[in-house]
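Colleague: Before I use any of these labels, I'd like to hear what stands behind them. Can we go through the model together?

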Amino acid sequence: MLTKKLAEDIVHQTMLRLRHNINVISPSGVILASGDKMRVENIHEGALYVAQSKETLIINEENIALYPNTKPGINMPIMYQDEVVGVIGITGDSEDMLEIANLVQLTTEIMAHQAIVESKSEWQRKNNDYIFEALVHGSKLDGTLTERIQKLPFALSGPFQVILVSLNEASYAENTIPFFFEDLFYKQPILAGHSQLQEYYILLTNCVEQNCRPIIKALRKQKLPSLQIGVGPVVQHLSQLPYSYQGARTALKFAAINNELTFFEDVELYSLFKPRESEEVQAFYRRVLKNLDAKQLETLQSFFDCNLQLKHCAQQLNIHRHTLTYRLNKIRELTGYDPQYFEDAVLLKMACTLRTLQTMKAI
């Protein structure tokens with residue numbers, strides 16, 4: 001389980017603090033790294049004994065004949081989960097090194113443990129990403145995918161829900177978010193990881209109603225930069241995950257327009273439209289909004305954001321209520337649709353949203 005690179009790092013870091021040669025040896029007795037480059041890849045007979053017995057071996061003038069091609073020194077096992085993953089050897093007079101030998105062994109085991117855990121975590125992250133991408137793109141549960149799912153620390157049991165998180169500051173996200181997710185969802189039945197550039201996924205399993213609220217609360221509490229969250233619909237089976245994923249993608253696009261959090265159910269109507277770049281969709285919002293200037297569009301959007309509440313909207317725009325009423329009446333004259341009438345407001349809201357989405361795509 002020790003790589004040559006890790007062995008070299010251990011030798012380098014340890015010899016910076018000691019005036020003795022250090023050898024790091026595999027359980028099969030091969031010297032992986034040494035301060036004495038000539039000994040690398042040679043077989044160390046003493047290390048073979050240590051690996052088999054799990055005991056420290058002191059080689060001196062009295063017993064060195066029993067271990068060909070070795071030098072006097074102390075050889076100690078490097079343990080991980082009660083298994084020998086390697087051997088650390090300190091060359092020199094054992095009497096001079098007895099006091100520091102245990103410290104060297106402990107330091108080496110800590111370095112090995114950290115490297116092994118990080119390696120396992122990296123593999124688990126890649127496994128999570130593989131499983132998620134396969135499931136949300138409708139891949140069949142073949143032998144490979146099933147085997148990978150079985151390696152998860154929890155069962156993939158429904159209901160399921162997909163949450164997508166976007167962070168515009170790439171340097172912060174790439175270096176921090178995967179580790180942040182691991183800490184946030186530690187020992188929870190949640191699959192999380194990197195989806196696309198500056199975008200991350202969270203797959204909730206065994207999802208009961210309102211289960212995503214604590215997750216969203218935890219994300220927002222961290223005050224992550226440029227945070228946008230799209231929440232997909234809850235589905236019952238793995239085969240329905242593409243629907244939840246596409247719903248989360250739709251919600252995430254709308255999260256970039258109005259606020260940092262959007263649920264698919266709130267924008268589901270817009271997902272029924274043809275592609276927003278189609279001629280029919282563009283003709284629709286241009287026909288409805290063609291006579292409005294920037295200030296009128298801003299007023300209309302603010303009116304919708306305030307849930308058609310005149311007083312609240314006037315305060316939001318920092319204008320008198322009568323001024324707002326005048327603007328809304330002007331919008332009615334120019335478009336033929338009254339923003340204060342429900343059916344007309346629905347058409348105007350659709351036109352504004354579709355126009356905003358098309359403008360964002362063009363940027």
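**Labels and their cut-offs**

Modeller: The structure holds 7 salt bridges. This is a predicted model, where local features need pLDDT of at least 70 and side-chain atom pairs count only at pLDDT 80 or more, while totals for chains, interfaces and linings use all residues. Residues are numbered from 1 along each chain as its sequence is written, and side-chain values use heavy atoms, with hydrogens and water left out.

Colleague: Why is the meeting of Glu122 and Lys126 called a salt bridge?

Modeller: The N to O distance is 4.0 Å. A salt bridge is a side-chain nitrogen of Lys or Arg within 4 Å of a carboxyl oxygen of Asp or Glu, so the pair counts. Both residues lie in helix α3, 4 residues apart, about one turn of the helix. Helices here are DSSP runs (H or I, at least four residues), strands likewise (E, at least two), numbered from the N terminus.

Colleague: What makes Leu103, Leu106 and Ile110 a nonpolar patch?

Modeller: Patch residues have over 30% relative accessible area and no salt bridge, with nonpolar side chains (Val, Leu, Ile, Met, Phe, Trp, Tyr) joined within 5 Å and like charges within 9 Å. Leu103, Leu106 and Ile110 form such a patch on the surface, with about 300 Å² of accessible area together (Shrake-Rupley method, 1.4 Å probe, only the protein chains shown counting as cover for residues). Ile110 sits in helix α3, residues 94-136.

Colleague: Why is α10 called oblique to α11?

Modeller: The axes of α10 (residues 294-305) and α11 (residues 310-317) come within 9 Å and cross at roughly 130°. That makes the pair oblique, because angles under 35 degrees count as roughly parallel, over 145 as roughly antiparallel, 65 to 115 as roughly perpendicular and the rest as oblique. Axes are lines fitted to C-alpha atoms, for helices over the stretch in contact, with angles from 0 to 180 degrees between N-to-C directions.

Colleague: And what makes α11 roughly perpendicular to α12?

Modeller: α11 and α12 (residues 321-335) pack at about 100°, with axes 9 Å apart, which makes them roughly perpendicular.

Colleague: What makes Glu41 and the Gly158 to Pro159 bond worth a look?

Modeller: Most residues other than glycine have a negative phi, and most peptide bonds are trans. Phi of Glu41 is near 75°, a positive value, whereas a cis peptide bond joins Gly158 and Pro159, with omega about 0°.
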